[in-house]
Amino acid sequence: MQSEVQVLGTQINLLWVVIGAMLVIFMQAGFALVETGFCRAKHAAHVVATNFAIFGLGFVGFFFVGFPFAFGGFSFAGIGLEQPVGEALIGSGNWIFLFQGGWAMSSGTITPALLGLFLYMVAFMDTVATIPTGSMAERWKWSSFTIWGIFCGAIYYPLFAAWTWGGGWLSKTWDTMSLGAGYVDFAGSGVVHAVGGVAALAGALVVGPRIGKFGADGKPRALPGHHIPMAMLGTFILLFGWFGFNAASTFAATDVQFATVATNTAIAGAFGAVTAMFYITKRTGKPDPGMMANGMLAGLVAVTAPCAFIAPWAAAVIGVIAAVLAIETVFIVERKFKIDDPVGAIAVHMMNGIFGTLAVGIFSNGSYGAGWNGSSSKGIEGIIKGDWGQLGAQALGVVVILGVIFPIAYGFFKIQNKLTKGGIRSAEEDEIAGLDLPEMGVLAYPEFSGGRL
Amino acid sequence: MKLITAIVKPFKVDDVKDALKSAGVQGMTVSEVKGFGRQGGHTETYRGSEYAIDFVPKVKLELVVDDAEVDAVVEAIRTSANTGKIGDGKVWVTDISRLIRIRTGEEGSNAI
């Protein structure tokens with residue numbers, strides 16, 4: 001029998017999770033503004049509509065099968081979810097690959113705690129789903145895009161989520177491979193951002209660069225975004241939503257570590273933005289607003305996995321490294337690999353998702369995370385504490401993201417491109433005219449058309 | 001009657017307008033235009049990549065004046081729009097054969 005104080009604690013914890021879910025869902029508005037602002041006016045209705053529609057598309061896939069695949073085996077007594085709703089579907093013991101149960105929220109024990117968890121997790125899935133809409137913007141055929149949304153919510157995101165947060169095999173590597181506390185990703189640098197980032201890379205590779213992005217000499221040309229204030233506002237909204245993303249990942253308001261998490265998140269974002277401003281000024285002479293936005297987001301992405309386990313100084317260092325990493329990756333992606341990523345999704349989400357995942361194994365100071373993944377860990381420790389095992393677990397996670405999850409995304413887009421009449425890319429004349437009228441039937445800015453030279 | 005057309009730097013428009021008003025001009029038409037002359041375009045960087053601005057924004061003024069006022073008006077534009085730097089623009093004068101005020105049907109100098 002729980003005491004009244006314990007019951008109250010559980011209730012407050014669940015409230016915290018639901019507040020977190022609402023904040024993360026609001027991040028969709030941030031993504032929509034960032035991506036639309038960084039694209040050209042003639043595609044603006046199309047780009048903003050992909051960001052709008054992805055919320056529902058991914059949601060539907062996650063509702064029917066994605067959630068039970070990923071979290072059928074998840075339990076957390078702190079919010080009143082004592083028993084998992086399902087069991088293993090593929091694999092057993094420490095080697096669970098997918099779960100079952102609770103299909104479409106119609107079977108198993110449906111409790112407020114389970115539904116609160118669903119709401120929180122669906123918001124994370126939608127973040128993954130919306131990342132490729134940035135790297136593939138201005139040329140992704142609408143009908144092809146919709147299939148990605150459902151695929152991401154139903155299968156793509158749940159795979160790696162099941163292996164890590166759901167209690168699957170990567171979370172058990174502390175037992176099976178003696179690696180630290182197993183794969184540790186507090187709020188999803190890897191599970192969300194790197195997984196979304198490799199899909200962004202795969203999509204950009206398959207769909208190809210926008211017409212006019214690379215000159216005849218192969219040099220990248222700038223195709224400036226049409227609404228920088230919109231993109232910067234979106235960045236601030238993402239920062240705001242990120243407090244739900246990270247701080248509410250304690251799943252417990254009674255776990256005051258959420259304050260540490262929130263502050264570390266803000267530190268990394270601030271240091272990322274400042275570093276990017278100075279770094280791009282040094283590189284090109286001007287404090288490019290787009291790069292400042294990318295720098296802040298890079299810091300936020302990178303601190304997402306380690307935010308609960310690190311000291312504030314480490315959050316600052318992570319923010320600084322993340323910003324430089326993001327800017328250099330933008331250059332490398334464009335200049336060396338000739339990949340067109342209009343918003344910098346690959347640099348921000350993939351590169352810094354990977355960095356953040358590894359950062360857990362570097363900067364964790366052992367002050368938090370006792371018993372993580374059911375291990376005997378007394379607190380997550382990185383190499384600054386002389387422990388290399390955790391970095392091993394993180395590196396294995398990165399290898400799986402690059403070696404298993406990326407090929408799945410690449411294969412998905414490749415096969416879809418083959419099976420779709422005309423491919424997953426919009427028609428050339430539509431792309432040149434702007435996707436707004438041909439694909440959406442409406443212009444974003446009908447009053448302002450005709451002013452382009 | 002002459003049509004005077006001037007291309008000036010956008011930030012000088014207010015100065016030009018004030019100078020023309022002082023010179024007794026009663027009306028004009030302005031439009032935002034783009035183009036290039038000897039100043040050429042310039043390059044900007046966006047997300048680390050350079051791009052060319054081939055057409056520089058300018059403002060075009062058009063006004064019709066009596067022959068007797070042409071020199072004074074041209075001089076007013078030339079002095080007020082002058083910064084001494086490349087890209088200050090141009091003024092040209094064109095003959096017009098007929099001028100009509102739509103409201104009253106007046107023609108010629110009466111219609112100015």
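**A two-chain predicted model: questions and answers**

Reader: Let's start with one residue in this predicted model: is Glu138(A) buried or exposed?
Author: Happy to start there. Glu138(A) has 24 other C-beta atoms within 10 Å. The cut-off for a buried residue is 20 or more, so Glu138(A) counts as buried.

Reader: And in which loop does Glu138(A) lie?
Author: The backbone of Glu138(A) has a positive phi of about 75°, although this residue is not a glycine. As for its place in chain A, Glu138(A) is in the loop between α3 and α4.

Reader: Ala104(A) has a positive phi too; is Ala104(A) buried or exposed?
Author: Ala104(A) has a phi near 50° and sits in the loop between β2 (98–100) and α3 (112–135) of chain A. Around Ala104(A) there are 11 other C-beta atoms within 10 Å. A residue with 12 or fewer is called exposed, so Ala104(A) is exposed.

Reader: Stepping back, how many helices and strands are in chain A, and is chain A as compact as a globular protein of that length, or what do the numbers say?
Author: The radius of gyration of chain A is 21 Å, close to the 22 Å from the globule rule for 453 residues, so chain A is as compact as a globular protein of that length. Its C-alpha atoms fill a box of roughly 70 × 50 × 40 Å along the principal axes. The count of elements you asked for is 14 helices and two strands.

Reader: What percentage of the residues in chain A is buried?
Author: In chain A, 76% of the contacts with a separation of 6 or more join residues 24 or more positions apart. Of the 453 residues in chain A, the buried ones make up 60%.

Reader: Where in α12(A) does the kink lie?
Author: Helix α12 of chain A covers residues 389–419 and reaches 44 Å from its first C-alpha to its last, close to the expected 45 Å. The kink is about 30° and comes shortly before the proline Pro407(A). The residue at which it lies is Ile405(A).

Reader: Now for chain B: what pattern does chain B follow along the sequence?
Author: Chain B comes to two helices and six strands. Read along the sequence, their order is β-α-β-β-β-β-α-β.

Reader: What is the radius of gyration of chain B?
Author: The C-alpha atoms of chain B fill a box of roughly 60 × 25 × 20 Å, and 19% of its 112 residues count as buried. The globule rule gives 13 Å for 112 residues, and the value for chain B is well over that, so chain B is more spread out than a compact globule. Its radius of gyration is 17 Å.

Reader: Is Arg78(B) buried, partly exposed or exposed?
Author: Arg78(B) is found in helix α2 (residues 70–80) of chain B. Within 10 Å of Arg78(B) there are 17 other C-beta atoms. Buried needs 20 or more and exposed 12 or fewer, so Arg78(B) is partly exposed.

Reader: Last one: where the chains touch, which element gives the largest share of the side of chain A?
Author: The contact takes 14 residues from chain A and nine residues from chain B. The chain A side divides into seven nonpolar, two polar and five charged residues. Elements giving two or more residues to that side are α8 (257–284), α9 (289–304) and α10 (312–336) of chain A. The largest share, three residues, comes from α10(A).

How values were computed:
Residues numbered from 1 in each chain as written. Chains lettered and ligands numbered in written order. Predicted model: local features only at pLDDT ≥ 70, side-chain atom pairs only at ≥ 80, totals over all residues. Contact = placed C-beta atoms within 7 Å. Helix = DSSP H or I, 4+ residues; strand = E, 2+ residues; numbered from the N terminus. Nonpolar A, V, L, I, M, F, W, Y, C, P; charged D, E, K, R; others polar. Expected span 1.5 Å × (residues − 1). Bend = angle between axes of the 7 residues up to and from the residue. Rg over C-alpha atoms; globule rule 2.2 N^0.38 Å.
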